[in-house]
Amino acid sequence: MDLKCPKCGEPYNPKKNQCEHCGSYIIESEEKSVDLPEINVEEYSGVYVFGKLLGKGERPIRLGWANYFTGIISAGGKLLLTNRNLYFKAHQVNIGRRECTIDLNDIRDIKLALNLLISQHIVIYTKSDSHRFVVYHGQEWIDAIKTAMDFEHTIPMVQ
C-alpha cells in the first residue's frame, strides 16, 4: 500500500518519516500507545501526525488508540497529545463526534475513572465540559498531559 503525504499527495517512505517531495515530517503509528520522538519542528515545512497538521511551534508528544464517549455513543480513533493541545480524530466508520480539540490551558483536572485489565478511562475536565476517553496505559496518558501542561505554562508560546 502506497502512503501519500497529507500535504502534497506524493508517495512517501514511512520508515524515513519525511516526504522527499515537500519536506513534511509525517508520523503514523499503529501502536496502541506510543511516546513520540522529539523533533525540531522548525526544520520541516509541516509536521503531520495521523493526518493532523500541527500549528507553528507545536510538538507531538504522545499518540495512541482511543474511544471518545459522547453521551451513550463511543467513537473509535486516535488521541494525540502535543505541547499545546489534546486532539481526538475518529476513524472513518463512526457515528457521533468525529473530532475534538482540547486546549491544554483549558484543562482543570484529569482523573483515571476505571481500571480495566487492558484499557483505562481517563476523564478530562475543562472550564466548560468533560471528556471521557478509553485509552491504553491511562496513567501514562495522565502523566504526559500533566507534564505537557506544566511545561507549557512555564514557557511562552511561539506565535
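Q: By class, how many nonpolar, polar and charged residues does the lining of the largest pocket have?
A: This is a predicted model, in which local features need pLDDT of at least 70 and side-chain atom pairs count only at pLDDT 80 or more, while totals for chains, interfaces and linings use all residues. Residues are numbered from 1 along each chain as its sequence is written, and side-chain values use heavy atoms, leaving out hydrogens and water. On a 1 Å grid over the protein atoms alone, a pocket is an open set of points where a 1.4 Å probe fits, with protein on both sides within 12 Å along at least five of seven lines, and lining residues have an atom within 4 Å of a point. With Ala, Val, Leu, Ile, Met, Phe, Trp, Tyr, Cys and Pro counted as nonpolar, Asp, Glu, Lys and Arg as charged, and the others, Gly among them, as polar, the lining has eight nonpolar, two polar and two charged residues.

Q: Which element gives the most to the lining of the largest pocket?
A: Helices (H or I, at least four residues) and strands (E, at least two) are DSSP runs, numbered from the N terminus. The lining includes Pro60, Ile61, Ala144 and Phe151, and strand 5 and helix 1 each supply at least two of its residues. The most, four residues, come from helix 1.

Q: How many disulfides does a search of the whole structure find?
A: A disulfide is a pair of cysteine sulfur atoms within 2.5 Å. The sulfur of Cys19 is 3.6 Å from the closest cysteine sulfur, in Cys8, and therefore too far for a bond. Cys8 is partly exposed, at 32% relative accessible area, whereas Cys19 is buried, at 2%. The number of disulfides found is zero.

Q: Which are the edge strands of the open sheet of three strands?
A: Two strands pair if DSSP finds at least two bridges between them. The order is 1-3-4, with mixed pairing, and three bridges join strand 1 to the parallel strand 3 (residues 47-49). Those that pair on one side only are strand 1 (25-27) and strand 4 (52-53).

Technical notes. Buried < 20%, exposed > 50% of the residue type's maximum accessible area, 1.4 Å probe, protein only.
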